[in-house]
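Hi,

Here is the structure for you to look through. My notes follow directly below it.

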Amino acid sequence: MVCDNCGSGDAVVHLTQIVNNEMSTYHLCEKCAAAKGLETSPESVNIPLTDFLAQMGQTPSGEEGDPEVTCDFCGLTFADFRETGRLGCPHCYATFETQLRGLLRRIHGATQHVGKVYLPPDPSANEMEKRLEGLRRKLQRAVDAEDFERAAELRDKIRDLEPAR
Amino acid sequence: MDELTPIPDHGLSWLEASGDHADIVLSTRVRVARNIQGYAFGPRARVNDREAVLKRFRDSAARTDGLRDGSLLELSELDSRFRHVLLERRLLTRELLGEGDGGPARGAAVLLSGRDPLSVLVNEEDHLRIQSLVSGLRLSEAWSFVDRLDEELGQELPFAYHHEFGYLTSCPTNVGTGLRASVFMHLPGLVLTKEIGRVLQGLGQVGLTFRGLYGEGSEVVGNFFQVSNQTTLGQTEEDLVDHLDKVVRQVIEYESKARQVLLRDARAVTEDKIWRAYGLLRYARSLSFEELMNLLSGVRLGASLKLLPGLRVYTLNKIMIFTQPAHLEQAAGRDLPPAENDVHRASYVRSVLASEGDVPPKGVGGDEFPERA
């Protein structure tokens, strides 16, 4: 693939940018990427979370959040979170929900969990249904992969849960 | 090593060199992070939070099939050298050890299953880290072990879970599935052919990342890399594991091709490097750990390419673990200053190679690869 910028170099850097909800992709050679200030060395792959959070404060996206907002349960402030990159307790996720949604989208590219559905010791009907959906999806996967031992195990688990509805 | 007897299989089954591609992939690890509702996360937890978490976990483990016969080790009750032995076996993390913070926090513990290749770290950054460490490339198997234990523990303990964000963790980089799968690879072919930069860069583009021997922040030594998933939210556990598996198999293919290129274009130099590395390991009187790792890398490549016939990958894995500082001190029964550590290391390597890794000087492959004029 040829570099989009100079038209001659071999494109090795593939940059996807989202500006104002518009996604655009550039393919650049090493030289042009470096000129645009994009690191290509493998060392740059791991961005420390605290730097990430510091940058977040500078983005005019309206997600900065009031640094004084405090979690009722553990007393963590949003400023504390920015400094350490660690949340204090499960309640922090509700306290800082709006700001976190933006951050999670940037870290993971998503905010909605689609993996295992946790069934708490005393589940509601809705939680039970979600859980069953998840198990059926897993069962289908196990059958597709011809992992019949696993499939049998999942089938039993589904059977155990179903009468409880 | 008497102290290690209570540990199931001494925590070393992951280096037995079984499993797929064991010459290139040393081990596979899958872990999930879980927290219990009602307590602050690790870094913010008070002493009584941590003690309550440990107590609740201990009670639940006693009712859990996979853990009932395991060994629960409270870190503050172990002496420092033994804790480091466990770290060098990759059963603990530096964070759990509390290095730089004056030792392990109250309630920091590890439970090793007596039945499966499973362990649970208690009161690390998250309340529980449920993990499986197995030899070779066995991602879906390791995930199944973790998945089943997670199901069992989840029925006993109320995990912190959010309808949108999934399993809640101390660090937002772990939230969602809480899953980190990593594969520990030896990639000398890609390093020697200078293709490694491109491969590592490629990993970043497909949502994976890499680290050195001891995980986060550690250096790459001896051409060993840990490749793992970068994101944990927005994909199912199975998709994360399958994706890593697919990419790792591709990296293995690149590595094999690079090795063939080395043999085709630089056979004499490659053979020379391998035999020199073997000679140094076999006869040196003092070896730093870093030098040893670099030499082991050459010898491992030689064993894998059958240029050092009769040398088993298991022997090399064993050397790598037992020559770390705490293991040498454990064997000597006393503290060793660095210079003495290097002497003990060389002596251990010589004795292991003499008893189970002696390669005839000309090599069995002599006929296959005629001497060049």
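Val183(B) stands opposite Val227(B) in E10(B). This is a predicted model: local features need pLDDT of at least 70, side-chain atom pairs count only at pLDDT 80 or more, and totals for chains, interfaces and linings use all residues. Residues are numbered from 1 along each chain as its sequence is written, and chains are lettered from A and ligands numbered from 1 in the order in which they are written.

Strand E8 (residues 179-186) of chain B pairs with E10(B) in the antiparallel sense, over five bridges. Pairing takes at least two DSSP bridges between two strands. Strands (E, at least two residues) and helices (H or I, at least four) are DSSP runs numbered from the N terminus.

Strand E9 (residues 208-211) of chain B also pairs with E10(B), antiparallel, over four bridges. There, Arg211(B) stands opposite Gln226(B).

Six of the six residues of E10 (residues 224-229) of chain B are buried, so the strand is largely enclosed by the rest of the structure. Buried means 20 or more other C-beta atoms within 10 Å of the residue's own, with C-beta atoms placed from the backbone; exposed means 12 or fewer, and partly exposed lies in between. Phe224(B), Gln226(B) and Ser228(B) point one way from E10(B); Phe225(B), Val227(B) and Asn229(B) point the other way.

Now the domains. Chain B is divided into domain 1 (13-257) and domain 2 (266-356), with bounds from an automatic or database domain assignment. Their C-alpha centres lie 27 Å apart. The contact (C-beta atoms, placed from the backbone, within 7 Å) takes 16 residues from domain 1 and 19 residues from domain 2.

Best wishes

Notes:
Two residues are in contact if their C-beta atoms, placed from the backbone, lie within 7 Å.
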